[in-house]
Amino acid sequence: MQLAVWTYEGPPHVGAMRIATAMKKVHFILHAPQGDTYADLLFTMIERRNARPPVTYTTFEARDLGSDTAEIYKRAVIDAVERFSPDAIIVGASCTAELIQDDPGGLARAAGIGIPVIPVELPSYTRKEHWGASETFYQVVRHLADKASIADRPGPDGRSSCNILGPSALGFRHRDDVVELTRLLRDIGVDINVVAPLGAGVDDIRRLGAATFNVVLYPELGETTARWLEREYGQPFVATPPIGVAGTRQFVEDIAKLLDRPLAAAAASNLPWWSRSIDSNYLTGKRVFVFGEGAKAAAIASVAADELAFDVVGVGCYNREMARQVRTAAQKHGVEPLITDDYLEVEAAIAELQPELILGTQMERHIGKRLGIPCAVISAPAHVQDYPARYSPHVGPEGANVLFDAFIHPLVMGLEEHLLAMFREDFEFNDEAGPSHVSHGRVSVAQGQETAAQSMPAEISLTEPETHATAPGETWSVDAEKELRKIPFFVRGKARRNAEQFAADHGHSTITVDVLYEAKAHYAR
Amino acid sequence: MTTLELERGCATPPAATDGAEPTILRERGQREVFCGLTGIVWLHRKMQDAFFLIVGSRTCAHLMQSAAGVMIFAEPRFATAILEERDLAGLADANEELDRVVDRLLARRNDIKVLFLVGSCPSEVIKLDLSRAAERLSTRHMPTVRVLNYSGSGIETTFTQGEDACLSALAGAAPTSTTKDASLLVVGAVADVVEDQFRRLFSDLGVGPVDFLPSRKAAEVAGIGPGTRYLLAQPYLRDVAGVLDERGAQRLPAPFPFGAEGTTAWLKAAADAWNVDPARFDDVVAGPHARATKALASRRALLDGKRAFFFPDSQLEIPIARFLSRELGVSLIEVGTPYLHRAHLEEELRMLPAGAKLSEGQDVDLQLERCRAARPDITVCGLGLANPLEAEGLTTKWSIELVFTPIQGYEQAGDLAELFTRPIVRRERLAV
Ligand code: SF4
């Protein structure tokens with residue numbers, strides 16, 4: 001039994017829904033009780049889709065158990081096919097139906113509906129949403145792809161083409177990433193054969209084999225399929241994330257290498273000059289904590305460190321499937337990787353590290369709110385407000401621009417930061433005053449970082465208390481306490497911890513103003 | 001009363017009969033309603049000393065964080081013990097695991113006085129006996145913590161039935177009162193502000209003592225006995241009423257306190273049971289009743305003559321439809337309810353316009369066909385359906401707001417009407 005308050009990922013059948021919803025004329029018949037229909041709102045409310053997801057739930061009840069749940073399933077299949085006339089159906093079970101073992105695959109085939117039936121096993125008690133999406137996409141391709149399409153592949157001297165694999169419904173920025181990546185690939189002289197699953201129909205999946213190679217845009221969703229296509233269809237793939245200026249450059253180079261020919265230049269990004277412009281000086285060495293889906297987090301950490309000159313003080317992911325990438329990234333930045341799907345562990349790590357900026361998911365945004373640390377959302381799971389109306393990709397040249405803007409938006413700007421530091425006692429520079437261009441992004445320090453260590457794990461954590469519990473023997477003198485309040489809120493937690501650590505290490509039982517400044521000198525970076 | 005027993009439902013609404021009695025269409029197909037776990041979203045805020053531990057799956061945990069459309073991060077007093085492969089393999093181990101989880105939870109949260117173990121579909125299907133677990137854990141943790149259990153599973157409960165199950169557990173555990181002296185129990189979770197208003201009104205009427213179930217402290221449930229008279233503040237409380245009846249309490253039949261009219265009739269039921277002088281009653285309610293009527297007048301201008309269609313969701317549909325039709329001039333195309341408990345809705349059904357069309361249960365695809373064909377001016381539906389219908393040009397009101405907003409009583413009558421006028425005004429104003 002695992003105790004959870006908030007989860008980063010839904011169950012695997014939600015992953016399967018993301019694939020079905022992404023595709024055209026593919027219907028998913030899910031054996032599930034009525035409450036599971038909540039998942040529709042993920043698509044209609046969070047992603048603001050204007051149509052119901054193509055999902056029929058059997059909504060069986062207790063009184064059906066043991067008698068005719070299988071019959072209910074079969075009937076749901078027949079009705080759904082008649083009503084929606086899909087070109088193929090995906091069939092599967094949610095956590096409850098998995099326990100009653102009705103075999104949706106067998107039942108759907110027995111219904112004799114005359115269209116492809118794609119059964120998916122979705123082990124709810126061991127797997128999660130990304131796994132379910134990846135597996136469903138893989139099964140869709142295995143069942144529908146037609147090897148004969150290989151014959152349509154461009155010859156060695158023709159233009160090359162690729163498939164873009166991975167974008168799905170409810171994906172974080174997938175809609176815009178596909179547009180940006182398509183533009184990028186066209187610019188460098190590569191045609192797009194098929195984008196899947198987002199926007200693909202059965203016929204599109206059939207002709208996947210016609211592409212020269214595959215681009216895995218989101219490894220957590222598309223890599224399994226790409227590996228199978230490599231093995232079975234002899235299609236190589238590129239999985240380099242085209243994120244940031246360097247990532248995009250590497251992506252293009254990897255394609256050139258794969259095709260063994262030079263490619264046209266990609267469009268330039270504004271990021272390099274924006275980062276070199278002197279107003280960006282204040283970004284140097286800002287301490288950032290990166291957490292999210294693994295492939296994304298690893299790529300974002302590189303952008304933060306190499307393209308904005310931030311210090312990455314922590315990097316982690318919630319999906320174990322991508323732990324390898326995150327470990328490599330952590331090594332590069334000289335930090336410990338944090339691989340966990342326990343929200344409380346992430347909160348403890350952030351409280352401990354006191355970064356100046358968090359690049360995370362909607363969970364980390366909430367953690368940041370509580371701790372008084374600004375946050376930019378860079379990964380799913382995301383809130384409705386993270387699905388912007390404007391074009392806002394995270395990949396390619398425009399993606400780099402978007403990332404630059406997204407990272408600096410929550411921060412206090414250069415000279416403003418100095419003024420805040422110089423005139424702490426100006427009554428309008430109170431702790432609630434965040435960056436002047438963000439209206440209400442900050443909680444008061446009273447509920448924020450200073451109380452974080454006490455309030456946070458007490459909430460509900462069932463894991464043993466973390467070692468970050470403060471309260472060593474040192475006490476603060478009144479003057480030092482006052483002096484501390486003159487330090488800007490965004491570094492105050494760190495200053496407090498440093499002073500306490502310094503006092504403990506050097507045997508000061510009282511933290512005076514002098515000790516505070518000695519600590520400052522000691523830890524000066 | 002005409003009842004069409006249709007296992008599969010039909011796409012055309014049953015025609016109204018000649019008499020005043022509503023027509024009821026019973027359907028059974030795909031439902032698009034939350035399960036009873038969802039009630040925890042408001043119950044955990046209402047009862048400040050209670051904690052809800054769902055014994056379920058990742059789906060249940062995910063529902064809890066998605067159901068309200070937003071995540072509630074302020075000190076959640078609920079969590080999910082997610083069953084894993086090895087819990088399914090051996091029930092003995094699952095019980096041990098549960099004990100361990102509960103022990104640690106209670107050790108860290110000494111503010112918890114009542115712990116609800118909440119069953120889910122998976123825990124029901126594997127027959128994990130949570131009532132035995134609750135007994136076992138109660139023995140271990142009493143008197144500091146009382147452990148109760150109920151099921152919010154989707155195979156047994158829809159949406160608000162979870163609250164019914166929770167309050168049944170609470171009522172079952174309430175102390176027995178032996179006094180014959182009358183006391184009033186208001187049953188059903190209402191917003192704190194509504195509770196306070198009702199308390200003031202009852203005290204002005206001289207009705208009392210008054211208790212609420214649930215109250216802000218789950219550990220302090222009022223004694224129940226032959227002197228208990230109870231008023232239902234919510235229409236979905238069949239089971240808790242059964243528990244109260246069994247313990248000798250008496251229900252005061254009344255319409256539900258929505259709108260000026262409903263609130264007056266509801267208060268009157270208590271006033272009559274306490275033999276309150278009619279003049280005094282009129283005196284007490286005159287002020288707030290006039291305020292409510294005034295608040296409704298401006299909204300009526302916007303709603304009069306509009307046609308409404310209700311998808312089944314919270315069981316609040318019938319009382320709210322009655323309010324919309326009688327106090328705001330809305331005509332009713334179809335009023336869906338997940339479950340129709342006739343005994344508690346008798347007064348409400350009588351107040352519906354002649355020949356009103358009701359539907360019980362659901363076949364969502366057929367119902368959507370009827371809705372599209374009728375082109376209502378306002379469609380009340382769940383979050384999964386609202387945006388798709390808006391995209392088709394229909395104006396919608398998400399029904400979940402009806403359970404997350406204070407809507408009972410005089411002072412909230414205008415707010416309740418506002419929930420329906422806002423989407424209409426918005427659609428009229430938008431020029432894009
Ligand atoms: S319907 Fe059942 S499995 Fe689904 S969320 Fe509700 S209790 Fe959990």
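I began with strand β13 (residues 357-362) of chain B, where Leu358(B) is the bridge partner of Val335(B). Strands here are DSSP E runs of at least two residues, helices are H or I runs of at least four, and both are numbered from the N terminus. I noted that this is a predicted model, in which local features need pLDDT of at least 70, side-chain atom pairs count only at pLDDT 80 or more, and totals for chains, interfaces and linings use all residues. Residues are numbered from 1 along each chain as its sequence is written, chains are lettered from A and ligands numbered from 1 in the order in which they are written, and side-chain values use heavy atoms, with hydrogens and water left out.

**Entry: strand β12 of chain B**

I looked up the neighbours of β12(B). β12(B) and β13(B) pair in the parallel sense over three bridges; two strands count as paired if DSSP finds at least two bridges between them. Strand β11 (residues 307-310) of chain B also pairs with β12(B) in the parallel sense, over four bridges. There, Ala308(B) stands opposite Leu332(B). From β11(B) the chain crosses through helix α12 (residues 317-328) to β12(B), and this β-α-β crossover is right-handed. That term applies if, with the strands pointing away from the viewer, the path from the first strand over the helix to the second runs clockwise. β12(B), helix α13 (residues 342-351) and β13(B) also make a right-handed β-α-β unit.

I then checked burial (buried is under 20% relative accessible area, exposed over 50%, partly exposed in between; 1.4 Å probe, protein chains only). Six of the seven residues of β12(B) (residues 331-337) are buried, so the strand is largely enclosed by the rest of the structure.

**Entry: salt bridges**

I used the rule of a side-chain nitrogen of Lys or Arg within 4 Å of a carboxyl oxygen of Asp or Glu. The count over all chains is 51.

Which residue forms a salt bridge with Glu334(B)? I found Arg370(B), with the closest N and O atoms 2.7 Å apart. Glu334(B) lies in strand β12 and Arg370(B) in helix α14 of chain B, 36 residues apart. Both Glu334(B) and Arg370(B) are buried.

Glu348(B) and Arg322(B) form another salt bridge, also with closest N and O atoms 2.7 Å apart. This pair links helix α13 to helix α12 of chain B, across 26 residues. Glu348(B) has a relative accessible area of 0%, and the value for Arg322(B) is 0%.

**Entry: helix α14 of chain B**

I looked at α14(B) next, and eight of its 11 residues are buried. Among them are Asp365(B), Arg370(B) and Cys371(B). Arg375(B) follows the helix and has a positive phi, near 45°.

**Entry: where chains A and B meet**

How many residues does each chain bring to the contact? Chain B gives 67 and chain A gives 67, where contact means heavy atoms within 4.5 Å. Together the chains bury about 5,900 Å², 58% of it on carbon and sulfur atoms. Buried area is the accessible area (1.4 Å probe) that two parts lose on being put together, summed over both.

I counted seven salt bridges between the chains. In one of them, Arg83(A) joins Asp365(B), with closest N and O atoms 4.0 Å apart. Elements of chain B that each supply at least two residues to the side touching chain A include α4 (91-108) and α14 (364-374). The largest share of that side, eight residues, comes from α4(B).
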